[in-house]
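Reader: I would like to learn how to read the place where two parts of one chain meet. Could you take me through it slowly?

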Amino acid sequence: MKMALVGFGNVGKAVAEVMLEKRELLQKVGFEPTVVAVFERDGSWIDEKGLKLQEILSKGNSSPSWVEGAMAEERIADLDCDLVVEMTVTNIDDGEPGLTHIREALENGKDVVTSNKGPLVLAFPELMDIAEKRDRILLYEATVGGAIPVFHVAREALLVNNIISITGILNGTSNYILTKMTEEKVSFNAALREAQEKGYAEADPTYDIEGIDAASKLVILANGILKMKKIINDVRIEGITRITPEMTELAMEDGYLVKHIGYVDRNRIEIMPRLIPRSSPLAVGGTLNVISLKTDVAQDITLIGRGAGPRETASAVLGDALYINKIRKENK
Ligand code: HSE
């Protein structure tokens with residue numbers, strides 16, 4: 001399999017690092033891709049015979065394979081590769097540059113794995129149509145819940161089930177703020193600053209606290225698992241900015257926690273602060289995410305895990321890449 005990495009920030013680098021770290025294991029399961037290109041913002045490393053990820057990580061753009069100014073949007077279409085892994089930064093205003101990368105890759109016969117929410121929030125049905133017409137696979141496990149393998153579980157392990165609804169905490173930053181306000185009575189703004197210092201918050205933290213980021217993930221869950229055709233404007237969104245330490249304290253006295261909960265079923269799609277019993281499986285603290293699937297056969301399945309972080313995201317990205325590798329080998 002020939003593979004290209006698009007985006008070499010924290011997530012792209014973590015994917016390269018984990019591939020090196022797990023080389024033996026990956027060989028054992030038959031995943032030995034030739035990485036033919038790694039695209040950065042201002043140029044790329046290109047070698048059709050195969051790049052050395054170790055060299056790229058250590059030498060950066062002083063590596064001999066660096067081509068200044070070679071941009072993904074101009075190169076992807078003609079690139080001789082089977083799988084494009086799109087990891088540029090999320091932009092939910094117009095989805096770019098990720099949207100063009102994914103379109104170009106699918107249109108030109110390449111499978112795609114992405115960690116980028118923007119293109120899916122804005123163009124999920126269109127991208128899935130292109131993938132189907134071209135007989136390509138588009139996977140996006142890393143876009144929701146970081147490391148939590150919710151799409152894998154829904155697609156594989158729960159195949160016999162009808163999934164009725166999805167409930168969850170989908171934003172680590174807002175969960176961290178609510179947890180800090182509840183447990184340590186810190187003010188909203190102080191808790192937000194801490195979350196930003198930890199590197200969890202979006203570049204624009206209003207996306208976290210106003211529920212935009214969680215609503216984006218809810219749209220991807222609705223489309224990807226419930227096979228709906230939702231866009232972000234369909235989501236009823238209420239952020240957590242009006243929550244005060246006094247409210248979280250009152251809730252606690254009654255045995256409840258204030259949590260920012262996303263919910264989707266056939267009739268309703270919303271993200272809003274809700275009271276959750278302290279004993280509920282949804283009552284996870286800190287930056288954790290939780291996703292609960294209500295199904296007809298298995299009943300409730302709840303997955304808890306880290307919703308952000310480069311290595312955690314790399315776990316999801318590589319899980320998708322391995323899945324595609326397996327399917328393509330089986331179909332040969
Ligand atoms: N800002 C996001 C969060 C990062 O806090 O969950 C992961 O999408």
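Predicted model: local features only at pLDDT ≥ 70, side-chain atom pairs only at ≥ 80, totals over all residues.

Author: Residues are numbered from 1 along each chain as its sequence is written, and side-chain values use heavy atoms, with hydrogens and water left out.

Reader: Which residues make up domain 1 and domain 2?

Author: Domain bounds come from an automatic or database domain assignment. Here domain 1 is 2-146 + 311-331, and domain 2 is 156-306. Their centres, taken over C-alpha atoms, are separated by 28 Å, and the contact (heavy atoms within 4.5 Å) takes 14 residues from domain 1 and 19 residues from domain 2.

Reader: Which three residues supply more than any other three of the area that domain 1 buries against domain 2?

Author: They are K117, V121 and V144, which supply 36% of that area.

Reader: How many salt bridges are counted between domain 1 and domain 2?

Author: A salt bridge is a side-chain nitrogen of Lys or Arg within 4 Å of a carboxyl oxygen of Asp or Glu. Between domain 1 and domain 2 the count is three. R306 also forms a salt bridge with E312, where the closest N and O atoms are 3.7 Å apart.

Notes:
Buried area = accessible area lost by both parts, 1.4 Å probe.
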